[in-house]
Amino acid sequence: MALTPDAAGAVIGELNRRIEALRAGRYEGRDQAGLATVKVDGDGLVCEVKLSQSISRYRSDAVSKAVREALLAAQTSLTQAYESLAAEAEKLTAGDSDG
Amino acid sequence: MDEPEDLMRATTEMADEYQRIAREEAAEWERISRETAEAMEQVAESAQRLAEQEVTWKSEDGRITVRLTAGGAINALDLAPAMPQRYDSAGLGKRIAEALRAAQLKARKEFNEALEASIPERVKETERLIRESGHD
């Protein structure tokens with residue numbers, strides 16, 4: 001079913017609001033060993049790296065591995081947020097949403 | 001007196017001329033649209049290839065090297081030996097975060113510049129025509 005121009009405008013406005021909210025968010029990931037936590041912003045840029053207090057006991061390559069793993073998890077979290085929005089957008093444009 | 005016939009002929013000729021111009025313009029837009037679509041496909045292919053190209057960033061003191069792509073993949077994060085012992089955890093985390101962000105910004109800048117350079121003139125020309133027609 002095609003949306004009316006007014007409904008399409010409302011959907012576009014709603015999607016723009018959600019995209020802005022998503023871009024303003026922070027997305028976190030951790031490595032499995034719990035050595036590193038990385039946060040990226042809505043554009044995927046790194047904004048914070050937190051390391052365990054015990055990090056000085058580890059070699060550089062182990063720290064690097066932990067950070068890369070945590071960053072990948074943070075990027076995955078961001079990607080999932082965009083995928084959820086894309087799925088929601090599909091519902092909205094199909095007119096299936098209650099909102 | 002054949003004045004009405006002259007007027008009729010002139011009107012017909014004018015209508016034919018308008019139709020000819022309209023056909024030519026339609027053909028020209030068709031050609032531009034087709035060429036632009038082909039060029040955009042090439043740009044999309046370039047974008048994918050450029051997003052996978054590896055960029056290297058190195059800190060001024062040489063202690064941190066990051067190899068990454070504009071697409072977001074961190075291929076390597078090399079920390080100088082003993083860095084975890086040289087800094088406290090907060091200081092090391094801050095240094096790594098700054099390094100990763102700087103490397104990401106460098107990769108994106110190089111990607112954008114390379115992509116801009118890869119856009120064919122015909123696409124830029126079409127963008128200009130669309131802007132001028134007020135349909136952007």
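# Two chains, one predicted model

Modeller: This is a predicted model. Chain B has a mean pLDDT of 89, with 97% of its residues at 70 or more.

Biologist: What makes one part of chain B the lowest in confidence, and which part is highest?

Modeller: pLDDT is the predictor's confidence in each residue, from 0 to 100. Averaged by element, helix 4 (residues 121–133) of chain B is lowest, at a mean of 79. Strand 2 (residues 64–69) of chain B is highest, at 97. For the model as a whole, ipTM is 0.84 and pTM is 0.77.

Biologist: How do you know what chain A is built from?

Modeller: Helices and strands are DSSP runs, a helix needing at least four residues and a strand at least two. By that rule chain A has two helices and three strands. Along the sequence they follow α-β-β-β-α.

Biologist: And which elements does chain B have?

Modeller: Four helices and three strands. From the N terminus on, chain B runs α-β-β-β-α-α-α.

Biologist: Why are strands 2 and 3 of chain A called paired?

Modeller: Two strands pair if DSSP finds at least two bridges between them. Five bridges join strand 2 (residues 36–41) of chain A to strand 3 of chain A, so the pair meets the rule. These strands run antiparallel. Lys39(A) shows one of the links: its bridge partner in strand 3 of chain A is Glu48(A).

Biologist: What is the strand order in the sheet of chain A?

Modeller: The order is 1-2-3, in an open sheet with antiparallel pairing.

Biologist: Why do strands 1 and 3 of chain A stand at the edges?

Modeller: Strand 1 (26–30) and strand 3 (46–51) of chain A each have a single partner strand, so one side of each lacks a neighbour in the sheet. From one strand to the next, the twist averages 15°.

Biologist: Which helix packs on that sheet?

Modeller: Helix 2 (residues 60–94) of chain A. This helix touches strand 1, strand 2 and strand 3 of chain A. Its direction makes about 140° with that of strand 1 of chain A.

Biologist: How does chain B stand against the rule for 136 residues?

Modeller: The globule value would be near 14 Å, but chain B has 29 Å.

Biologist: What makes a residue count as buried?

Modeller: It needs 20 or more other C-beta atoms within 10 Å of its own. In chain A, 23% of the 99 residues are buried. In chain B, 14% of the 136 residues are.

Biologist: How do you know that the chains touch, and how many residues take part?

Modeller: Contact means C-beta atoms within 7 Å. On that test, 18 residues of chain B are in contact with 20 residues of chain A.

Biologist: Which elements of chain B supply at least two residues each to that side?

Modeller: Strand 3 (74–79), helix 2 (83–86) and helix 3 (89–118) of chain B. The largest share, eight residues, comes from helix 3 of chain B.

Biologist: How do the residues on that side of chain B divide by type?

Modeller: Eleven are nonpolar, five polar and two charged.

Note on methods: Residues numbered from 1 in each chain as written. Chains lettered and ligands numbered in written order. Predicted model: local features only at pLDDT ≥ 70, side-chain atom pairs only at ≥ 80, totals over all residues. Contact = placed C-beta atoms within 7 Å. Nonpolar A, V, L, I, M, F, W, Y, C, P; charged D, E, K, R; others polar. Axes fitted to C-alpha atoms, helices over the stretch in contact; angles between N-to-C directions. Buried ≥ 20, exposed ≤ 12 C-beta atoms within 10 Å, placed from the backbone. Rg over C-alpha atoms; globule rule 2.2 N^0.38 Å.
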